[in-house]
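Here is a short briefing to read alongside the model. Take a look at the structure first, and then we can walk through it together.

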Amino acid sequence: MGLLTIKINFFMALVLGLGVSAAWRTSSTDANVQSANQQAPPAGPATTPTPKPSEQQKSLQLREEIKVIENLLSHASTEGFSDRGAALYLLADHYVRLGDRAKALAFLQECVALDEGFDPGDDPTFVSLKNDAAFRQVVEPVRRRYPPVHRALVAFTLAQKDLYPEGLAVDRPKRLFYMGNMHLKKIIKITERGEVADFVGPDLYDLMLVLGVHVDPVDHSVWCATFPGEKNRPEIVHFDEHGHLLERYTPPGTGPHALNDLVLRDTREIYVTDTHGNHAYRFDRASHRFTELKLSRPLFLPNGITISGDGNVLYIADLLGVVRLDLKTNQSTDVAPAPHDTLAGIDGLYWYNGSFVGVQYGTGANRVMRWNLSSEGRRVASSEVLERGTELVKNPTTGAILDEQFYFIADTGIDNLDSDGKIVDKTKFDEPLHIAVVPLK
């Protein structure tokens with residue numbers, strides 16, 4: 001995306017020119033496996049840098065995606081897709097990137113009129129519209145309609161300012177947090193008292209940008225997902241409870257891939273989102289095989305992922321909402337949002353007592369939310385804003401639930417990283433990192 005501005009732009013930069021995948025088609029192949037007794041992965045196709053797309057390729061890709069989104073809108077009733085506002089906002093995003101200000105404004109006007117919580121006012125994608133009177137007319141009523149909500153408090157303050165974290169997880173029995181790092185490419189651990197130490201040190205195993213982190217409750221081992229970085233090597237990586245490398249796997253084919261977040265299903269499977277390739281995969285922990293999930297619609301920058309309490313339903317978040325996949329029947333459909341709300345653009349997504357808790361960035365305004373689901377988990381019965389429009393959601397990403405409280409990374413600073421994890425402006429080390437907490441009861 002050039003210089004990073006916000007998370008949606010970070011992901012768009014990685015995807016443009018590379019194609020929306022046919023995420024409803026199934027494929028299966030062996031993973032590329034790295035032996036645990038080697039520190040660096042083997043050389044091969046996965047380490048070949050991906051050429052940067054040209055402006056013409058980006059433009060063609062945007063237009064192809066517009067066709068897909070418009071098709072979803074026109075067949076929403078039959079495809080199980082119900083969030084019109086999310087589609088309109090994404091169309092506005094694409095048209096302003098193409099330089100068509102009039103169409104972008106028209107779609108924003110239609111989107112905001114639906115009153116679903118979209119706020120383009122501070123979205124850097126629409127910076128070219130800032131001085132347009134029609135754009136101001138769109139934004140001003142939104143600000144009155146959705147004032148700040150402040151319920152969270154700072155739980156921890158981390159002194160190191162160049163961490164640029166993304167993923168957060170918790171080992172509940174040990175009461176220990178783990179946090180991924182995109183710049184230094186490491187994983188740190190944090191005690192309840194805020195004490196910080198490296199779990200996996202920088203450059204120890206030649207990791208790329210560490211995003212999603214997840215703790216296996218059975219043996220306290222830690223899994224993480226990585227973006228490709230400068231070596232174009234996305235992986236899921238497994239460490240024992242002491243931070244020693246156990247195994248690592250790359251997704252099938254030559255890409256593009258950028259593994260983002262993951263969730264474990266008992267000891268059998270891992271499910272992981274591929275933001276770069278617009279896929280979601282099932283990974284078999286015994287056979288070490290990735291299988292692309294067959295879904296009811298194509299994915300747009302899939303990100304957060306979670307699983308129901310009984311382990312039978314998977315939920316995958318992208319820029320258009322949340323796709324519900326029944327793991328018993330392999331049938332999928334979009335979760336219907338509550339009236340005047342949206343599930344678009346959720347980063348961290350977590351199951352909690354029949355509800356979702358999530359960090360949302362795809363509405364233009366960052367917010368932390370709780371969505372109470374219907375008994376069958378197919379629709380949102382009611383929504384609750386936990387934090388919105390404050391410094392604690394200046395640049396949030398993911399979180400973790402402990403003792404009926406949601407801990408989340410408040411100000412990641414990832415707007416100061418490029419797509420290889422390099423710092424754009426080294427003078428921007430003004431503030432320490434905060435992890436905030438908000439009660440769920």
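Beyond its neighbours within four places in sequence, Asp318 is in contact (heavy atoms within 4.5 Å) with Arg297, Pro298, Leu299, Phe300, Leu301, Pro302, Leu343, Ala344, Gly345 and Ile346. This is a predicted model, in which local features need pLDDT of at least 70 and side-chain atom pairs count only at pLDDT 80 or more, while totals for chains, interfaces and linings use all residues. Residues are numbered from 1 along each chain as its sequence is written, and side-chain values use heavy atoms, with hydrogens and water left out.

**Asp318**

- Asp318 sits in strand S18, which covers residues 313–318; strands are DSSP runs of E with at least two residues, helices are runs of H or I with at least four, and both are numbered from the N terminus.
- Asp318 counts as buried because its relative accessibility is 0% (buried means under 20% relative accessible area, with a 1.4 Å probe and protein chains only).

**The chain overall**

- The protein chain holds six helices and 27 strands.
- Of its 441 residues, 59% count as buried.
- Among contacts between residues at least 6 apart in sequence, 59% join residues at least 24 apart.
- The accessible surface of the protein chain is about 17,200 Å², and carbon and sulfur atoms account for 50% of that (Shrake-Rupley method, 1.4 Å probe).

**Helices H4 and H5**

- Helix H4 (residues 84–97) packs against H5 at an angle of about 160°, with the axes 8 Å apart; axes are lines fitted to C-alpha atoms over the stretch in contact, and angles run from 0 to 180 degrees between N-to-C directions.
- H4 is therefore roughly antiparallel to H5 (over 145 degrees).
- The contact brings Arg84, Gly85, Leu88, Tyr89, Leu91, Ala92, Tyr95 and Val96 of H4 together with Lys103, Ala104, Phe107, Leu108, Glu110 and Cys111 of H5.
- By class, the contact of H4 with H5 has ten nonpolar, one polar and three charged residues (Ala, Val, Leu, Ile, Met, Phe, Trp, Tyr, Cys and Pro count as nonpolar, Asp, Glu, Lys and Arg as charged, and the others, Gly among them, as polar).

**Helices H5 and H6**

- Helix H5 (residues 101–113) and helix H6 (residues 133–145) pack at an angle of about 20°, and their axes are 10 Å apart.
- H5 and H6 are therefore roughly parallel to each other (under 35 degrees).
- Leu105, Leu108, Gln109 and Val112 of H5 make the contact with Ala134, Phe135, Val138 and Val142 of H6.
- The residues of this contact divide into seven nonpolar, one polar and no charged.

How values were computed. Parallel < 35°, antiparallel > 145°, perpendicular 65-115°, else oblique. Buried < 20%, exposed > 50% of the residue type's maximum accessible area, 1.4 Å probe, protein only.
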